[in-house]
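Hi,

Here is the structure we talked about. Please look it over before you plan anything around it.

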Amino acid sequence: MDWVQSLPIVPAVAFLYVVVLCRAGGTYALGRGARKAANRGKVAAWLESPRVERASRIVNKWGAPVVAFSFLTIGFQTACNAAAGLTGMPLRRYLPALAVGGFAWAIIYATVGLAAIGLWLELFFRSPWAAVAALALMVVLVIYLVRHKHRSGGLAPTGTGDEPEVGSEGIEDEPGAAQPASSSPSVRS
């Protein structure tokens, strides 16, 4: 990857952006294909079970930010893109997350990301224990920051995905939903 670092910043970001779009989009497509291929027999019954349906709704509702932020991680982004495909996340939610997250990934790797990996590898070749300790320290720091943010309410979603949709008049858009006393079925304001 030395030749990528030797490129000017714009071509390096553009090249890495195309790479991440192809790799992550391909992982998503493989997940979608695996879901379709597995959607037979007992697996189909499991995929249509209430628990899996609920989990899919939650991932589809909250998953786009997770997909975008996954590009700032190492190792999690592949699993996240595969999960988005396996759960059937709609393309209208997945593609914007891929575009934003992939662009952030390309900028990071074109600027400091590859250099940081190179420094860590150099440290590893000089002292594997120091490299592992540095990596462990980074993991502990990230876990601490995520837990701190979660406790302060910064990462908690506001719903579970099971809430009914609410229309413009504040009435639930579900069949059999209760109507306010002031409304009559024949006259709507």
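Below is what was found, starting with confidence.

This is a predicted model: local features need pLDDT of at least 70, side-chain atom pairs count only at pLDDT 80 or more, and totals for chains, interfaces and linings use all residues. Residues are numbered from 1 along each chain as its sequence is written, and side-chain values use heavy atoms, without hydrogens or water.

Confidence: the protein chain averages a pLDDT (the predictor's confidence in each residue, from 0 to 100) of 74, and 75% of the residues score at least 70. Helix H2 (residues 9-38) has the highest confidence, at a mean of 88, and helix H3 (residues 41-47) the lowest, at 71. Helices here are DSSP runs of H or I, at least four residues, numbered from the N terminus.

Two stretches need care. Residues 156-163 stay under 50, with 12 contacts (heavy atoms within 4.5 Å) beyond four places in sequence. Residues 165-189 are also below 50, with 16 contacts beyond near neighbours in sequence. Where pLDDT is low, the predicted coordinates should not be read in detail.

Helix H5 spans residues 76-86; its buried residues (under 20% relative accessible area, 1.4 Å probe, protein chains only) are Gln77, Cys80, Asn81, Ala84 and Gly85. They lie on the same side of H5, because they cover an arc of only 135 degrees around the axis. The arc is taken from the directions from the helix axis to the C-beta atoms.

Cysteines: Cys80 is buried at 8% relative accessibility. Cys22 is exposed (over 50%), at 55%. The disulfide count is zero, taking a pair of cysteine sulfur atoms within 2.5 Å as the rule.

Best wishes

Definitions and conventions: Helix = DSSP H or I, 4+ residues; strand = E, 2+ residues; numbered from the N terminus.
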